[in-house]
Amino acid sequence: MAPIYTAVATSVGRDGRSYSDDGVLDLKLARPTAMGGEGGGTNPEQLFAAGYSACFASALQLVAKRMKLDADDASVTAEVGLNPLEGGRFGLSVVLRVELPEHLHNDQGQQLIEATHQVCPYSNATRGNIPVELVVE
């Protein structure tokens with residue numbers, strides 16, 4: 001099956017630059033101060049958090065529409081952790097904090113979040129690979 005859309009980006013180093021083929025994205029990359037860097041730029045974990053939260057928010061709107069729910073005021077915050085693994089390897093963990101409109105602070109809201117987690121491409125890509133915690137706020 002052919003992709004609906006393909007994004008293309010190139011990155012040079014963790015303390016370098018990341019840019020898209022269409023020139024819309026052009027970011028300075030910098031190691032965070034928490035990792036011994038000087039900061040002053042974004043990093044892969046922030047980019048992943050931005051992508052995941054945006055994708056989940058978009059999928060949430062799609063699923064809400066299918067369920068005939070109004071979730072227009074919902075927002076999603078992704079916390080992406082970089083974690084040490086055995087043998088000098090590294091892995092990611094994610095907490096998705098979903099702020100729903102007050103009228104969805106119930107079982108229906110929880111069902112919406114869980115259904116969204118089945119639809120979101122980032123959730124499908126990470127399922128079974130990294131821990132993802134869903135938190136309704």
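**Reading the model, feature by feature**

Q: What separates phenylalanine 48 and tyrosine 52 in helix 1?

A: About one helical turn, because phenylalanine 48 and tyrosine 52 sit four residues apart in helix 1, which covers residues 44–66. Helices (H or I, at least four residues) and strands (E, at least two) are DSSP runs numbered from the N terminus. Before we go on, this is a predicted model, so local features need pLDDT of at least 70 and side-chain atom pairs pLDDT 80 or more, while totals for chains, interfaces and linings use all residues. Residues are numbered from 1 along each chain as its sequence is written, and side-chain values use heavy atoms, without hydrogens and water.

Q: How many aromatic pairs does the structure hold?

A: There are three aromatic pairs in the structure. Phenylalanine 48 and tyrosine 52 make an edge-to-face pair, because their ring centres are 5.9 Å apart and their planes stand at 80 degrees. Rings of Phe, Tyr and Trp (its six-membered ring) pair with centres within 6.5 Å; planes under 30 degrees apart are stacked, over 60 edge-to-face, the rest tilted. Bring in Tyr122 as well, and Phe48, Tyr52 and Tyr122 form one aromatic cluster.

Q: Is tyrosine 52 buried or exposed, and how does phenylalanine 48 count?

A: Buried is under 20% relative accessible area, exposed is over 50%, partly exposed in between (1.4 Å probe, protein chains only). Tyrosine 52 comes out at 0%, so it's buried. Phenylalanine 48, at 22% relative accessibility, counts as partly exposed.

Q: Which other residues of helix 1 are buried, and what covers them?

A: Besides Tyr52, the buried residues in helix 1 include Glu45, Ala49, Gly51, Ser53, Cys55, Phe56, Ala59, Leu60, Val63 and Ala64. Their cover includes pieces from several parts of the chain: strand 4, strand 5 (90–99), helix 2 (107–119), helix 3 (121–126) and strand 6 (132–136).

Q: Where is histidine 117, and what is it in contact with?

A: Look in helix 2 for histidine 117. At 13% relative accessibility, this histidine 117 counts as buried. Contact means heavy atoms within 4.5 Å. Setting aside neighbours within four places in sequence, histidine 117 is in contact with Tyr52, Phe56, Ser123, Asn124, Arg127, Val132 and Leu134. As for leucine 134, it is 17 residues from histidine 117 in sequence, and their C-alpha atoms are 8.5 Å apart in space.

Q: What does phi look like at lysine 68?

A: Most residues other than glycine have a negative phi. Lysine 68 isn't a glycine, yet its phi is positive, about 60 degrees. You'll find lysine 68 in the loop between helix 1 and strand 4, and at 75% relative accessibility it counts as exposed.

Q: How many salt bridges does a search of the whole structure find?

A: Five salt bridges turn up. Each is a side-chain nitrogen of Lys or Arg within 4 Å of a carboxyl oxygen of Asp or Glu. Take arginine 31 and aspartate 15, whose closest N and O atoms are 3.7 Å apart. Arginine 31 lies in the loop between strand 3 (26–28) and helix 1, and aspartate 15 in the loop between strand 1 (9–12) and strand 2 (17–20), so the pair ties together parts 16 residues apart in sequence. Arginine 31 is partly exposed at 29%, while aspartate 15, at 52%, counts as exposed.

Q: Which residues are linked in a network of salt bridges?

A: Glu79, Arg97 and Glu137 are linked that way. Glutamate 79 meets arginine 97 at 2.6 Å, N to O. That pair links distant parts of the chain, with glutamate 79 in strand 4 and arginine 97 in strand 5, 18 residues apart. Glutamate 137 also meets arginine 97, at 3.1 Å, N to O. Here the partners are 40 residues apart, with glutamate 137 in the segment after strand 6. How do they count for exposure? Glutamate 79 is partly exposed at 34%, arginine 97 is partly exposed at 26%, and glutamate 137 is partly exposed at 41%.
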